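Here's a quick briefing to read with the model open beside you. Have a look around first, then come back for the tour.

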Amino acid sequence: MSAFHLNYSEHSGPNKMNDDTSGFLGWCRRSLPKIVLAPSFVVTICFVYGFIIYTGYISTTASKMLPNSKFIGLTNYEKLWRTLNWQVALDNLAIFGILYITICGVLGLTLAILLDQKIRGEGFLRPIYLYPMALSFIVTGTAWKWFLNPGLGLEKTMHEWGWESFSFDWLVNSEMAIYTVVMAGVWQTSGFVMAMFLAGLRGVDNEQVKAAQLDGASSFQTYKRVIIPQLGPVFLSAFVVLSHMAIKAYDLVVALTGGGPGNATEVPATFMYSYTFTRNQMGVGAASAMIMLMTIAAIIVPYLYAETRGKRHE
Amino acid sequence: MKARYLKVKLLAASLALGLVGSVQAAEDVEVLHWWTSGGEAKALTVLKDDLQGQGIGWKDMPVAGGGGEKAMTVLRARVQAKNAPTAVQMLGFDIQDWAAEGATANMNDLAKAEGWDAVVPAALQRFSKYEGDWVAAPVNVHSTNWVWGNKKILDEVGATELPSDWDGFISVLDKIKAKGYTALAHGGQPWQDATIFDGVVLTTGGADFYKKTMIDLDAEALGSKTMEMVFDRMRQLRGYVDDNFSGRDWNLASAMVIEDKAGVQIMGDWAKGEFIKAGKVPGKDFVCFRTPGTQGMVTFNSDQFVMFKGDSAGEKSQLAMAKAVMSPAFQSAFNVVKGSAPARTDVPNDAFDDCGKKAMADLASGDLMGSMAHGHSVPAAIKGAIVDVVTKHFNGKNSSADAVKELVAGIENAK
């Protein structure tokens with residue numbers, strides 16, 4: 001035994017025991033996670049944060065068709081706020097964002113609660129609700145465009161089935177077109193939110209539920225007072241995911257309405273694209289991109305801060 | 001020893017062949033364009049075959065999108081990646097923007113040798129040249145203030161004499177609508193709304209008003225009662241389109257007129273290519289007339305092939321292509337199929353049909369003004385602002401007075 005122990009420290013190379021962390025190889029082993037992550041880290045710093053700074057720089061220059069280095073301060077931001085389309089885009093973002101997040105959350109929670117009732121077909125129904133998430137927004141947008149087109153889809157079918165006075169022309173109506181975007185978006189993502197809530201519901205301690213039942217609480221009261229309050233973290237995650245998807249919604253709008261009848265469904269993402277690339281106003285487009293970034297940061301940064309602060313206390 | 005000499009001989013022979021081969025083969029031309037509808041693609045094959053005959057290969061790079069916006073985006077990406085295509089189809093101010101960036105090739109020598117200065121109208125040269133240097137070869141001259149009518153439907157409503165003023169036009173549209181057809185075939189894309197706008201501005205205020213508002217951007221003219229009347233008339237036209245017009249492509253709207261489903265379409269004369277391709281005969285199956293009230297005036301846009309600076313090997317093919325594009329024979333052959341008028345004034349009009357002859361006559365004698373909707377009157381940023389207001393008004397419910405206010409503010413903001 002002792003001979004073995006004496007010999008152990010003289011061994012080197014592959015025979016060394018795995019928890020010896022001295023020397024160069026030891027340093028390598030300790031830093032292995034950092035080495036593996038280093039390439040992605042560098043790429044992220046460079047391509048994400050580096051280009052965010054570059055976009056911020058462009059938003060302060062007089063760039064029109066191609067980047068330009070003439071500094072003009074915050075003029076682009078002033079121009080941006082005076083642009084009619086930007087006001088429309090912000091209004092649409094508010095409508096779309098609030099409705100999308102609220103309806104997805106409520107619908108997702110309801111579906112999760114219903115699926116959690118230990119029904120027989122759960123394994124069969126759950127994937128069905130999740131299928132829309134597997135489609136890209138372009139496919140969703142195109143399919144819903146055909147469905148909602150008055151001359152092709154729902155309205156025409158209703159007319160052919162005999163219900164002549166049925167009318168559902170939201171898609172081509174300037175004021176209602178944004179709500180069709182909400183419909184398509186909710187259809188796509190509520191399954192995903194349902195899956196998140198289902199996981200959260202499964203994580204609730206069964207003892208508490210049994211205790212509530214023993215105390216005579218009805219099913220509704222159990223859910224309202226015991227289970228849903230414990231889903232706080234899931235609500236927060238769902239909110240973060242949904243809000244970033246709402247702000248980035250570009251392909252859905254382009255596929256479904258192409259910017260809407262006129263410019264009725266312009267959103268910040270489509271605005272940024274068209275002003276930067278099509279209209280030769282790169283400075284204004286970059287300014288709008290920075291505003292979008294600040295909006296997302298205003299939501300994500302407090303969330304991250306709360307998360308990391310919580311961890312440190314543990 | 002013998003084998004070594006054999007190898008050397010073989011190597012020398014292949015090198016010699018290779019050298020000969022490379023001297024003979026010219027570089028292919030890679031052409032970026034948005035001529036993807038049936039009639040347009042057919043017109044382009046005229047150029048392809050011409051170049052094929054000269055031994056120059058053709059690499060096609062079509063980017064669909066009737067107004068060319070997507071193609072311009074793709075172009076920007078390619079130029080930034082230092083991989084510009086050989087030639088690019090471009091309109092109006094875009095040519096000037098790219099030339100200002102120093103990305104275009106200089107064709108002065110070719111222009112002098114071929115005598116382009118004498119045969120290309122001055123209004124077109126304003127866009128083909130940058131600071132006096134030729135940077136683009138104009139292919140055609142389209143104009144946007146045309147109405148294309150289905151002769152059968154027009155005869156049915158008794159409109160055998162074509163309307164020559166706005167009120168006459170409206171009464172014809174009413175009659176067509178009363179018969180159950182779609183009066184005005186239209187595609188609800190912003191550039192199509194803007195194309196109609198060109199004609200309505202021209203007919204409401206005349207050539208001077210158009211120049212003051214769309215070219216000079218005079219704030220007083222833009223905010224005037226005449227402009228309000230323009231928007232009123234746009235609202236009138238909105239009442240004659242069918243419910244499904246949103247997002248429809250322009251050639252599908254032309255198809256509605258071709259297939260006896262709609263009465264008229266207000267569209268540039270590239271629509272004629274669709275009618276010709278469907279086998280329709282002008283004067284018998286369809287009629288063409290200027291937007292009522294704009295006879296003798298032409299809001300034009302000219303497709304031009306811009307040659308981008310690249311390596312010197314590609315330059316020979318570029319110049320060959322530019323020369324081919326400007327040759328009278330090609331100008332005649334291409335424009336007969338495309339529906340436009342030649343960019344050279346010395347091309348004989350024998351091969352053209354009646355509508356083509358009409359277009360060429362108007363070009364020679366009429367008042368030529370750049371089309372706002374197609375980037376020939378103001379740069380892209382201001383055009384975007386105008387089109388925004390036009391399309392919002394067309395698709396929405398805001399009043400003409402509000403639209404005029406938004407127009408003035410939007411243009412000011414985009415300068």
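In what order do the four strands of the open sheet in chain B run? The order is β9-β10-β8-β11 (chain B), with mixed pairing. Keep in mind that this is a predicted model, where local features need pLDDT of at least 70, side-chain atom pairs count only at pLDDT 80 or more, and totals for chains, interfaces and linings use all residues. Residues are numbered from 1 along each chain as its sequence is written, while chains are lettered from A and ligands numbered from 1 in the order in which they are written.

**The sheet in chain B**
- Some ground rules: helices (H or I, at least four residues) and strands (E, at least two) are DSSP runs numbered from the N terminus, and two strands pair if DSSP finds at least two bridges between them.
- β9 (182-184) and β11 (286-290) of chain B are the edge strands, each pairing on one side only.
- On average, neighbouring strands here are turned by 20° against each other, direction ignored; axes are lines fitted to C-alpha atoms, for helices over the stretch in contact, and angles run from 0 to 180 degrees between N-to-C directions.

**Strand β8 and its partners**
- β8 (residues 146-150) of chain B runs antiparallel to β11(B), and five bridges join the two.
- Within that pair, Trp146(B) sits opposite Arg290(B), and Val147(B) has Phe289(B) as its bridge partner.
- β8(B) is also antiparallel to β10 (residues 262-266) of chain B, through three bridges; here Gly149(B) is partnered by Val264(B).
- Five of the five residues of β8(B) are buried, so the strand is largely enclosed by the rest of the structure. Buried means 20 or more other C-beta atoms within 10 Å of a residue's own, with C-beta atoms placed from the backbone.
- Both faces are covered, with Trp146(B), Trp148(B) and Asn150(B) on one side and Val147(B) and Gly149(B) on the other.

**Helix packing in chain A**
- α4(A) packs against α11 (residues 232-248) of chain A at about 145°, with the axes 9 Å apart.
- Residues making this contact include Phe96(A) and Tyr100(A) of α4(A), and Phe239(A) and Leu242(A) of α11(A); residues are in contact if their C-beta atoms, placed from the backbone, lie within 7 Å.
- The contact residues divide into 10 nonpolar, four polar and no charged. Ala, Val, Leu, Ile, Met, Phe, Trp, Tyr, Cys and Pro count as nonpolar, Asp, Glu, Lys and Arg as charged, and the others, Gly among them, as polar.

**Where the chains meet**
- 23 residues of chain A are in contact with 23 residues of chain B.
- On the chain A side, α3 (75-82), α4 (84-115) and α13 (268-278) each supply at least two residues.
- That side is made up of eight nonpolar, 11 polar and four charged residues.

- The model scores ipTM 0.75 and pTM 0.80.
- Chain B has a mean pLDDT (the predictor's confidence in each residue, from 0 to 100) of 86, and 93% of its residues reach 70 or more.
- In chain B, confidence is lowest in helix α1 (residues 2-24), at a mean of 54, and highest in helix α12 (residues 225-238), at 93.
- Residues 18-25 of chain B have pLDDT below 50, and beyond near neighbours in sequence this stretch has zero contacts in the model.
- Where pLDDT is low, the predicted coordinates should not be read in detail.

Methods:
Two residues are in contact if their C-beta atoms, placed from the backbone, lie within 7 Å. A residue is buried if 20 or more other C-beta atoms lie within 10 Å of its own, exposed if 12 or fewer, and partly exposed in between; C-beta atoms are placed from the backbone.
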